Amino acid sequence: MRPFLRFVLPVWLALICLSTAVEARPSIRVQAGGWGAAGTQDIEAVLNSVADALMPSFPDHASARIVVAFSNAGPRVLQPKTSDGAYQVLLNVSDARWDQFAYQFSHELCHIVSNFEHRDIGATPGLRSHQWFEETLCEVVSVVTLNRLASSWQSSPPRAGWAEYAPAFRRYAERLLASDHRRMPMQMSMASWYRENERSLEADPYVRQKNEAAATALLKLFESNPGSLASLGYLNAETTTQRSFAAYLASWYDCCPESQRPFVRQLISIFTEA
């Protein structure tokens with residue numbers, strides 16, 4: 001190979017990879033106002049870092065556009081979209097608290113990639129009653145994201161000088177998981193826990209202590225199954241009127257490609273075992 005090509009070819013390939021990585025991430029725009037000492041460009045850098053950590057699992061949403069604004073009513077993702085088709089995400093965090101930006105945004109990004117809009121517009125009680133499960137999975141994603149950023153920022157932070165912040169993501173995740181309310185009762189299976197809490201979960205999907213306890217129990221399952229996050233891209237994919245939780249999980253399984261079905265089957269079994 002000629003010396004010129006020996007130099008140019010790696011650079012050209014690197015540019016192609018960089019272009020592909022950028023295209024695989026949603027367009028994220030942060031609106032000014034309410035962020036305290038944090039600038040919008042720095043916030044966008046953090047949120048793009050979150051997207052880089054998660055979006056390889058959700059290529060179908062790579063072209064999404066997301067507008068992010070501060071609001072005391074956040075964190076939440078709004079319905080409907082903007083007039084030009086962008087998702088609207090509200091966050092309730094200010095100043096350079098990048099761990100909390102990552103924690104909140106990854107949760108809302110999870111709602112987007114798990115097709116929340118299929119159950120959020122005029123949803124029947126039967127559909128909406130299983131939203132607690134989506135909330136639980138989004139909590140799993142938030143903790144996974146914190147751990148991923150702890151690793152990626154250590155070697156490749158989005159801004160020069162931000163590598164020193166990497167341990168803060170890990171500490172935040174550890175602090176969350178150490179909370180007493182995130183622990184399942186001793187010797188209680190997930191199936192028994194669900195049967196005991198079924199009515200309260202279906203009545204209110206935002207009982208965070210219960211969602212977070214379930215998320216902690218499911219976290220190890222996701223961590224021990226590389227690539228399992230991709231299964232969330234098929235949650236709520238089918239807009240149906242099934243009313244039982246078992247039927248909801250079965251719909252998720254049916255919508256998954258063969259590559260994700262073994263994991264989803266394993267997760268379903270945790271809730272249905274005797």
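Mentor: What follows begins with the rings, then turns to the charges over rings, and ends with the loops.

This is a predicted model, in which local features need a pLDDT of at least 70 and side-chain atom pairs count only at pLDDT 80 or more, while totals for chains, interfaces and linings use all residues. Residues are numbered from 1 along each chain as its sequence is written, and side-chain values use heavy atoms, with hydrogens and water left out.

The structure contains 24 aromatic pairs, where a pair means that ring centres of Phe, Tyr or Trp (its six-membered ring) lie within 6.5 Å, with planes under 30 degrees apart called stacked, over 60 edge-to-face and the rest tilted. One of these joins W35 and F101, whose ring centres are 5.6 Å apart and whose planes meet at 45 degrees, so the pair counts as tilted. Because W35 sits in the loop between β1 (27-30) and α2 (40-54), and F101 in helix α3 (residues 98-113), this contact ties together parts that are 66 residues apart in sequence; helices here are DSSP runs of H or I with at least four residues and strands are runs of E with at least two, numbered from the N terminus. W35 is buried, with a relative accessible area of 3%, and F101 is likewise buried, at 0%, given that buried means under 20% relative accessible area, exposed over 50% and partly exposed in between (1.4 Å probe, protein chains only).

A further pair is formed by Y165 and F169, with ring centres 5.4 Å apart and planes at 70 degrees, so this one is edge-to-face. F169 counts as buried, at 0% relative accessibility. The residues of both pairs belong to a cluster linked by ring pairs, which takes in W35, F70, W98, F101, W153, W162, Y165 and F169.

Some rings also have a charge over them, a term that asks for NZ of Lys or CZ of Arg within 6 Å of the ring centre and within 35 degrees of the ring normal. The charged end of K81 lies over the ring of Y87, 4.4 Å from its centre, and R261 is placed over the face of Y253, at 5.0 Å from the ring centre.

Between G74 and P75 the peptide bond is cis, with omega about 0 degrees, and P75 falls in the loop between β2 (65-70) and β3 (76-77). The bond from Q79 to P80 is also cis, with omega near 10 degrees; P80 belongs to the loop between β3 and β4 (87-91).

D95, in the loop between β4 and α3, has a phi near 65 degrees, a positive value in a residue other than glycine, and D95 is partly exposed, with a relative accessible area of 33%. N115, in the loop between α3 and α4 (117-120), also has a positive phi, near 65 degrees, but N115 is buried, with a relative accessible area of 8%.
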